[in-house]
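Me: I have a protein model open and would like to go through it piece by piece. Can you help me read it?

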Amino acid sequence: MITGHTKTLAILADPVTHVRTPQALNARFEAEGVDAVLVPLEVPPEALEPMLKGLAGVRNFAGAVITVPHKTAVPALCDALSARAAAAQSVNVIRRETDGSFYGDILDGEGFARGLEQAGVTLFGKRVFLAGAGGAASAIAFALAERGVEALTVANRSVEKAEALIARLAEHFPDVAFAAATDPVGHDIAINGTSLGLKPEDALPFNPDTLDPGTLVAEVIMQPEITPLLHAAEARGLMIHPGHHMLEAQLTEMLRFLTHEEDEQ
Ligand code: NDP
């Protein structure tokens, strides 16, 4: 039951109707006896900064999950960031500390990599193609590099964002062969890390018809579960990995982070 003692959390998104985090995390709070509630808030970009400034003074506001389109705007509004959030220049969880400051972290990449590992995929030594260089894709790129992939090719509509991401990652991971290129051929795993696939009229993020027969095609999009990209990959007989794995794998991390059970990195 929600009482005056309940920790209040939010998910900040625009639009917010498609998010699944409230039902997923509130079910976990109930199952694990955590006295917290997470509510969906539809926050347009211009309202983000004044809202966070106001929430810094709200004593029972414990933190928030951050999603499209705010993940790359929030780092500048945090007082402190984890190392991976600073490298990805992206935040998907913030915690309000007792002094009213905000600490930001990014759990997307860890969730994505763990989701693949839980499905039996080894990332070490793999050649990976990643479409996207936004918040989720940047975090995924960081987590893949941390796990020792052999090569990581990043393709993004705004090429300069792919190049900037690669430059940041190359500083941390000199052994990974990074490239900014749009051809997915010659990779073991091909990932959609863009928002393409959320709407039925969206173009495919890359063409799965050209992929090598053993390639695994993975998604960040959760709704629909089988995106047009995954349909096309399945039709070619390729292995697929839907986006819901990424969220499920990071729920435990989110719960720990938001309810203050995790030490800052
Ligand atoms: P961002 O806004 O930070 O990045 C969006 C990315 O998509 C950018 O690379 C952008 O390219 C690209 N993009 C958007 N529209 C187009 C287009 N019309 N053509 C080509 N490229 C396009 O969003 P996030 O990274 O935060 O989120 C991306 C997706 O990941 C979302 O759909 C979100 O739902 C999903 N997600 C899923 C999670 C899960 O647990 N399964 C967790 C987090 C996110 P450009 O840089 O050129 O604009």
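Predicted model: local features only at pLDDT ≥ 70, side-chain atom pairs only at ≥ 80, totals over all residues.

Me: OK. How is the chain divided into domains?
Reply: There are two parts: domain 1 takes in residues 7-107 + 247-258, and domain 2 takes in 109-246. Their C-alpha centres are 24 Å apart.

Me: How many residues of each are in contact?
Reply: On the domain 1 side 15 residues are in contact, and on the domain 2 side 19.

Me: And what area is buried between them?
Reply: About 1,500 Å² is buried between domain 1 and domain 2, with 55% of that coming from carbon and sulfur atoms. Within domain 1, the residues that lose the most area to domain 2 are Arg20, Ala87 and Ala249. Together those three make up 31% of what the domain 1 side buries.

Me: Why give an area at all?
Reply: Accessible area is lost when parts come together, so that loss is often used to state the size of an interface.

Me: How many salt bridges are there between the domains?
Reply: The count between domain 1 and domain 2 is one.

Me: Which side chains form a salt bridge, then?
Reply: Glu253 and Arg114 do, with an N to O distance of 3.0 Å. As for polar contacts, 12 residue pairs are found across the interface of domain 1 and domain 2.

Me: Which helices supply at least two residues to the domain 1 side?
Reply: Both α3 (83-88) and α8 (244-258) do, on the side of domain 1 that touches domain 2. The largest share of that side is from α8, which gives five residues.

Me: What classes of residue are on that side?
Reply: The side of domain 1 that touches domain 2 has six nonpolar, five charged and four polar residues.

Me: New topic. What does UniProt list for residues 11-94?
Reply: An unreviewed UniProt entry lists them as "domain: Shikimate dehydrogenase substrate binding N-terminal". That span is 35% helix and 24% strand, and its end C-alpha atoms lie 10 Å apart.

Me: And for residues 123-172?
Reply: There the UniProt annotation, also from an unreviewed entry, reads "domain: Quinate/shikimate 5-dehydrogenase/glutamyl-tRNA reductase". Over residues 123-172 the chain is 52% helix and 20% strand, with the end C-alpha atoms 18 Å apart.

Me: Now the backbone. Is the peptide bond from Val68 to Pro69 cis or trans?
Reply: The bond from Val68 to Pro69 is cis, with omega near 5°. Pro69 is in the loop between β3 (61-66) and β4 (80-81). A cis peptide bond also joins Gln223 and Pro224, where omega is about 5°. Pro224 is in the loop between β11 (216-219) and α7 (228-235).

Me: What about Gln89: is its phi positive or negative?
Reply: The phi of Gln89 is positive, about 50°, although Gln89 is not a glycine. Gln89 lies in the loop between α3 and β5 (93-96).

Notes:
Residues numbered from 1 in each chain as written. Heavy atoms only, no water. UniProt positions renumbered as here; feature names shortened; annotations may be inferred. Helix = DSSP H or I, 4+ residues; strand = E, 2+ residues; numbered from the N terminus. Domains from an automatic or database assignment. Contact = heavy atoms within 4.5 Å. Buried area = accessible area lost by both parts, 1.4 Å probe. Salt bridge = Lys/Arg side-chain N within 4 Å of Asp/Glu carboxyl O. Polar contact = N/O pair within 3.5 Å; in protein donor to acceptor, adjacent residues only side chain to side chain. Nonpolar A, V, L, I, M, F, W, Y, C, P; charged D, E, K, R; others polar.
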